[in-house]
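Welcome! Take a moment to turn the model around on your screen, and then let us walk through it together.

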Amino acid sequence: MSALRDALRELPDAVFADLLESEDAYLLVIDMPGVTEGTIDIGVTDGRLQIEARREKDVPMEFDYLSEERSLFLDAELPLPPDSTGSGAEATVSRGVLEITLPKRSSAPDHSVPIKGR
């Protein structure tokens, strides 16, 4: 699990993430303002959680950027904890907060993770 914690520390400074654990699963909570279920792709391949997200900007025409600190894209590949699998994983996104539940199991087949809006 330390590999996942280390990988979360390597995310861009503008991305805030929490990792929680229960007896049956891990919960990864990532703040990504401006992201919706239509702008996120999540998958599990070879024991790694892949997250690709983009946020949409709606800038009024009469304004120009003086400073732009928030990235439009997040492309992260995170190692799963050794006792976790992508099988049965679920994700929700609400108001820019992505929650990914990763059940604890013995094997991790490749598949896409469905995302539900709330």
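Which residue in the turn of the hairpin formed by β6 and β7 has a positive phi? Keep that in mind while we get our bearings in this predicted model.

The protein chain holds 1 helix and 9 strands. Starting at the N terminus, the order of elements is α-β-β-β-β-β-β-β-β-β. Of the 118 residues in the protein chain, 34% are buried. Among contacts with a separation of 6 or more, 52% join residues 24 or more positions apart.

Now back to the hairpin. Strand β6 spans residues 90-94, and strand β7 covers residues 97-103. The two strands pair in the antiparallel sense over 5 bridges, and T92 stands opposite E99 in β7. Between β6 and β7 lie 2 residues, and the answer to our question is R95, whose phi is about 55°.

Strand β6 has another partner to visit: β9, residues 115-117, which pairs with β6 in the parallel sense over 3 bridges. There, V93 has G117 as its bridge partner.

Which residues of β6 lie on its covered face, and which on its uncovered one? A91 and V93 make up the covered face, while E90, T92 and S94 belong to the uncovered one. So V93, the bridge partner of G117 in β9, is on the covered face of β6 by definition of buried residues.

Finally, look at the rings. The count of aromatic pairs is 0, but K104 lies over the face of Y26, at 4.9 Å from the ring centre.

Conventions:
Residues numbered from 1 in each chain as written. Predicted model: local features only at pLDDT ≥ 70, side-chain atom pairs only at ≥ 80, totals over all residues. Heavy atoms only, no water. Buried < 20%, exposed > 50% of the residue type's maximum accessible area, 1.4 Å probe, protein only. Helix = DSSP H or I, 4+ residues; strand = E, 2+ residues; numbered from the N terminus. Pairing = 2+ DSSP bridges. Phe/Tyr/Trp six-rings, centres within 6.5 Å; stacked < 30°, edge-to-face > 60°. Lys NZ or Arg CZ within 6 Å of the ring centre and 35° of its normal. Contact = heavy atoms within 4.5 Å.
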